[in-house]
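Me: I have a model open and want to learn how to read its features. Where do I start?

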Amino acid sequence: MAESSSPLPPLCERISHKSYFLRAVDLTILGLLLSLLLYRILHVNQKDTVWIVAFLCETCFTFVWLLITNIKWSPADYKTYPERLDERVHELPPVDMFVTTADPVREPPLIVVNTVLSLLAVNYPANKLACYVSDDGCSPLTYFSLKEASKFAKIWVPFCKKYNVRVRAPFMYFRNSPEAAEGSEFSKDWEMTKREYEKLSQKVEDATGSSHWLDAEDDFEAFLNTKSNDHSTIVKVVWENKGGVGDEKEVPHVVYISREKRPNHFHHYKAGAMNFLVRVSGLMTNAPYMLNVDCDMYVNEADVVRQAMCIFLQKSMDSNHCAFVQYPQDFYDSNVGELTVLQLYLGRGIAGIQGPQYAGSGCFHTRRVMYGLSLDDLGDDGSLSSIATRKYLAEESLTREFGNSKEMVKSVVDALQRKPFPQKNLKDSLETAQEMGHCHYEYQTSWGKNIGWLYDSTTEDVNTSIGIHSRGWTSSYIFPDPPAFLGCMPQGGPEVMVQQRRWATGLLEILFNKQSPLIGMFCRKIRFRQSLAYLYVFSWGLRSIPELFYCLLPAYCLLHNSALFPKGVYLGIIITLVGIHCLYTLWEFMNLGFSIQSWYVTQSFGRIKTTCSWLFSVLDVILKLLGISKTVFIVTKKTMPETKSGSGSKKSQREVDCPNQDSGKFEFDGSLYFLPGTFIVLVNLAALAGCLVGLQGRGGGGSGLAEACGCILVVILFLPFLKGMFEKGKYGIPFSTLSKAAFLAALFVVLSVGN
């Protein structure tokens, strides 16, 4: 249903997706879990230690499901009407667009270029946009690619707007030939634009293997003798839209920045880069709204900026309360069923409470909120209250909070007071911008503490998000079709494991820092249910411990000859619980058009990532809390498909959206990530084999068919590891991992049978 109270046609509507049937299913599963716990408690004196361990694991699972039920209770998102924007708004507000990259090898410049080109070509007045690219790798190749891309943008942007192109990333748009008559104006323009893009791609590829151009131009002098972790601040205006009036042939500003880095100075990874982007953009354009995207997340919906403005500018809702607008993260190079289901059901669920969590990309922020404003600091008309004016606008306070740059302080005052920012020559701000990129600029200021993107976690997005919600702000979720942004997923098992570990580590860090929802739910302005939603996300890493134990319990009981599951009619609790959960999750997938195989792959990978990758996040955080080591931000490798076009048969939508679908095989390497999974499979196979040959201990209670079925289910869920034992190359488990896992499995069998 839709909620709106405006007498005029609204710019957006809040859509509720409540379902009493799904609530009943969630509560039924919760009731079955509680029944199982009750049975464990009533029969605990008759069983051994296994019963206690199972009870503790199932208590964790019950708590997690309680958190999930809380999240899914009142799902909602927003439907926008960008076509009404011009009728309701006389002048659209400016928007600064941020793109971050950190490694030209793992994040190829051609990917960055396509993302930038897609942003420059959105359906929004060019004189209201500015694109800032942060290069934490200080790569002259990235800068060279941006310079060449800005030249091509003068062809690409008018072409997109003239023909209302939907996909505005050239590498994806040119994968298919257009359906147009040969010799038509569109066909000629298409061929010409495609040739120019191929020239751009070739220039970037040639530059990747040669550096002769680096010495040929004075513009690259700043990059000489620099290292990715040791260089001075570089700020360059790649293209300036001087005197722009919003004509369709105009190209927005493009600015390249790379903050100073020194080996002995901690630079706070992406959060530090984002804060430098905020400062530089505040000096040059100071737009009230800011969009940030990862370097691989190109614009897939040309009206994406207008959609977000519908949320911010809607007068029927209190727009001052909306701090940011988040879009789902979708991907073009793989069938990411799990992420789609999570975003639709859990993402909408969180959005129905206090608003979605900031996901690190595809998000529009309000500059005033990022400058530390709380909801209580605003009056009824959205302007600063008298108390907030004295608090924030005192010169001494501003210098202490934002740094000792007078130009920066002035831009902050203008932003807080919502004053329009006059157009000026961007190059006039270069000297001040470089000063604000120095390593020591943030020293003894509030950057990363209360202002901007928050530090103290490798998942700066969610850390910043809970900080915003804790100040009383709400956020909004738009789930458009087609997806607003599309990116690329890490290819192969090792890269995915690295990414999952980084996420789980960063989230677990927040659970133990000052932003923890355990603190916020009692003494901050964040809503109680929103705190529980954050708690669900932050506890990802901790879930690895009970899941690992539960994967080993059936094997232990089978070898030890002890009971894990209830006997007789009470076994029906387990069977009903597993059956309903499988059917429920299968329905969620098939309801979105995914196959049974996609559902199985998701269930399998869910167990693999939890026990193999998230497990290491617990160790990372423990070592950090003990002061032994610091957590590290590792950039995941991005790849892009080749640009091809042909006259063959028309491709399906799935082939167009996911051109690089892999074979479904799981990749392995010699890292420790794959040791737990291999160990789990070997242990359960050994238990099944031991049961068949009568190799069992003398435990009490006696194991039976239920425990054997549990072992079989675990092996099915870890089937990629079983296949990996018989594969070779990157799809096979290395012998070193197999030998370690075999030794641990043999030790496990001996201890289980001997006890």
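Reply: Start with a cut-off: buried means under 20% relative accessible area, exposed over 50%, and partly exposed in between. Keep in mind that this is a predicted model.

Me: How does aspartate 456 count by relative accessibility: buried, exposed or partly exposed?
Reply: Aspartate 456 has 44% relative accessibility, so it counts as partly exposed. It sits in the loop between α16 (430–435) and α17 (460–469).

Me: Which loop holds asparagine 561?
Reply: The one between α21 (544–560) and α22 (571–590). Asparagine 561 also has a positive phi, of about 65 degrees, and is not a glycine.

Me: How do I read a nonpolar core?
Reply: In soluble globular proteins, nonpolar side chains tend to be buried together. Here the largest nonpolar core has 81 residues, and Val95, Met309 and Phe364 have the most contacts inside it. Helix α5 (residues 140–163) gives the most to this core, 11 residues. A second, separate core has 49 residues, including Leu559 and Phe616.

Me: And two packed helices?
Reply: Two packed helices are described by the angle between their axes and the distance between the axes. Take α23 (residues 596–625) and α25 (residues 675–693): the angle is about 135 degrees, and the axes are 7 Å apart. That makes α23 oblique to α25. Their crossing is right-handed.

Me: Which residues of α23 and α25 meet?
Reply: Thr611, Cys612, Leu615 and Phe616 in α23 meet Pro676, Gly677 and Ile680 in α25. By class, this contact has five nonpolar, two polar and no charged residues.

Note on methods: Residues numbered from 1 in each chain as written. Predicted model: local features only at pLDDT ≥ 70, side-chain atom pairs only at ≥ 80, totals over all residues. Heavy atoms only, no water. Core = buried A, V, L, I, M, F, W, Y, C linked by side-chain atoms within 4.5 Å. Buried < 20%, exposed > 50% of the residue type's maximum accessible area, 1.4 Å probe, protein only. Helix = DSSP H or I, 4+ residues; strand = E, 2+ residues; numbered from the N terminus. Axes fitted to C-alpha atoms, helices over the stretch in contact; angles between N-to-C directions. Parallel < 35°, antiparallel > 145°, perpendicular 65-115°, else oblique. Left-handed = near helix turned anticlockwise from the far one by under 90°. Contact = heavy atoms within 4.5 Å. Nonpolar A, V, L, I, M, F, W, Y, C, P; charged D, E, K, R; others polar.
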